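Me: I have some questions about how the terms are applied here. Please set each value against its definition.

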Amino acid sequence: MTHYRISEAAELVGVSDDTVRRWIADGLLPVEKDDSGRQVVPGAELAARAQAIASAADDRTGVRRSARNRFVGLVTRVEIEGLMAQVELQCGPHRVVSLMSSEAARELRLEVGSRGVAVVKATMVVVETEQVGA
């Protein structure tokens, strides 16, 4: 099982080390000792806590769709040049970039500060992890 030091756990979920220590003290996150005697948090427990604290803005469009990967956020950049547009959204801690036709960007009336929902439906998603061992 994967374990993380308190500082690593804090970085992964976007909180301070002190917050992780409070969660441990409050019984919200278990802690174990590694071979060096340092406190470590089990990866599966950290993942469950990350899901529990995840906050995303509500999708108020009322549209039903098959795509499950929807990110609600604010438009932070719209760059229209020729036939194409690049639109950036800040969705919580995530930056989502979309390339679309200039026509679509204009029809959506996208401007910095407007609310948007990035819907991702892909046949391939690349997942990376650290290399273990050599």
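Me: In which helix is Ser 102 found?
Reply: Ser 102 is found in helix α4, residues 102-107. Helices are DSSP runs of H or I with at least four residues, strands are runs of E with at least two, and both are numbered from the N terminus. This is a predicted model: local features need pLDDT of at least 70, side-chain atom pairs count only at pLDDT 80 or more, and totals for chains, interfaces and linings use all residues. Residues are numbered from 1 along each chain as its sequence is written, and side-chain values use heavy atoms, with hydrogens and water left out.

Me: Why does Ser 102 count as buried?
Reply: Buried means under 20% relative accessible area, exposed over 50%, partly exposed in between (1.4 Å probe, protein chains only). Ser 102 has 2% relative accessibility, so it counts as buried.

Me: Which residues is Ser 102 in contact with, leaving aside neighbours within four places in sequence?
Reply: Contact means heavy atoms within 4.5 Å. The partners of Ser 102 are Ile 80, Glu 81, Gly 82, Leu 83, Met 84 and Ala 85.

Me: Why is Pro 93 called exposed?
Reply: Its relative accessible area is 69%, so Pro 93 is exposed. Pro 93 is found in the loop between β5 and β6.

Me: What makes β5 and β6 a pair?
Reply: Two strands pair if DSSP finds at least two bridges between them. Strand β5 (residues 84-91) and β6 have eight bridges, so they pair, in the antiparallel sense. Leu 89 stands opposite Val 96 in β6.

Me: What is the strand order of the open sheet?
Reply: The order is β6-β5-β4-β7, with antiparallel pairing. The edge strands are β6 (94-101) and β7 (115-120), each pairing on one side only.
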